[in-house]
Amino acid sequence: MVERPTVIISSPDDAVIRILLLGRNTSGKSSSGNTILGEERFKRHESEVCEGQAQICGKQVAVIDCPDLLDPDLNEEQLVSGCSAGLSSVLLTVSLEKPVGNEEEILDYMKCLFGAGVQKYIMILFTRGDDLEDLDQTIDEHLKHKDHEDLQRLVTECGGKFHCFNNKSKSDKQVQDLLQKIERMMTENGGKFMMEQMKRNNSKDAPRVIFSERKDQIRPVLLGKVPMKTAWSAETCLNL
């Protein structure tokens, strides 16, 4: 594979919080994007990378809704282009009503695509929080249950970072709490997200990219899962 020059991309001089949403088509990913923006901006099972923006608590928030990351038809060029302004956070949506599937593959894919440093910016976003209300449980109580070791493992792999959404709720508090967690995570990480290197099997000309991020910018990302289609060899990941 041909080694390409490193490209430095500086974030624009603004205070935009940019969030990338990833997850399975059935994970509540697009609904979570609509909840964050406060409007029906994204459609379920969207086949292309889409972006929406809104003013929330005086801050400009941009949300990037990505198709299932492991979908064979995923346009990686479009995804990388959509993230070129930098990212504050990557949100991997996981439905509490679905058994854990290939989310761990998605996490591995993310590290292959963006570099190992992305791990510090990934947060699990649990959906179907309304089910917890029916059970009279908090998300913390739910995760501690012995039957949910798979969910505990995912949270642990993401450094204990998680949030829970009830996408049927009209309350703004859950969105405000999420943004506060993202800001706190950015502060802990020094306000920078670095995509050290990008190499894909289907493109020998893919450049290495480094994002330079300002401390006051929040850029989240949403993630999800599908059957692994590709294409990412062990050699490719080791070269990142």
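Student: Which residue stands opposite leucine 21 in β4?
Tutor: This is a predicted model: local features need pLDDT of at least 70, side-chain atom pairs count only at pLDDT 80 or more, and totals for chains, interfaces and linings use all residues. Residues are numbered from 1 along each chain as its sequence is written, and side-chain values use heavy atoms, with hydrogens and water left out. Strands (E, at least two residues) and helices (H or I, at least four) are DSSP runs, numbered from the N terminus. In β4, leucine 21 stands opposite aspartate 65.

Student: How many bridges join β2 to β4?
Tutor: Two strands pair if DSSP finds at least two bridges between them. β2 (residues 17-23) and β4 (residues 59-65) run parallel, and the bridges that join them number five.

Student: What is the bridge partner of leucine 21 in β5?
Tutor: β2 also pairs with β5 (residues 89-95), in the parallel sense, over five bridges. Isoleucine 19 stands opposite serine 89 there. For leucine 21, the partner is leucine 91.

Student: Are the two faces of β2 buried or exposed?
Tutor: Buried means under 20% relative accessible area, exposed over 50%, and partly exposed in between (1.4 Å probe, protein chains only). One side of β2 holds Ile17, Ile19, Leu21 and Gly23, the other Arg18, Leu20 and Leu22. Both faces are buried.

Student: How many residues of β5 are buried?
Tutor: Ser89, Leu91, Thr93 and Ser95 point one way, and Val90, Leu92 and Val94 the other. Of the seven residues in β5, the number buried is seven.

Student: Which residue in β6 stands opposite threonine 93?
Tutor: β5 and β6 (residues 122-127) run parallel, joined by four bridges. Opposite threonine 93 stands leucine 125.

Student: What is the handedness of the β-α-β crossover?
Tutor: The chain goes from β5 through α3 to β6. A crossover is right-handed if, with the strands pointing away from the viewer, the path from the first strand over the helix to the second runs clockwise. This one is right-handed.

Student: What span should α3 have?
Tutor: α3 (residues 103-114) has 12 residues. The expected span is 1.5 Å times one less than the number of residues.

Student: Which residue follows α3?
Tutor: Buried residues of α3 include Ile106, Leu107 and Met110. After the helix comes a residue with a positive phi, near 105°: glycine 115.

Student: What is the volume of the largest pocket?
Tutor: On a 1 Å grid over the protein atoms alone, a pocket is an open set of points where a 1.4 Å probe fits, with protein on both sides within 12 Å along at least five of seven lines; lining residues have an atom within 4 Å of a point. Points are joined across faces, edges and corners, and a volume is the space filled by probe spheres set on them. For the largest pocket, that is about 340 Å³.

Student: Which helix gives the largest share of the lining of the largest pocket?
Tutor: Of its 19 lining residues, the closest to the centre are Thr26, Ser27, Gly28, Ser31 and Arg128. The largest share, three residues, comes from α1.
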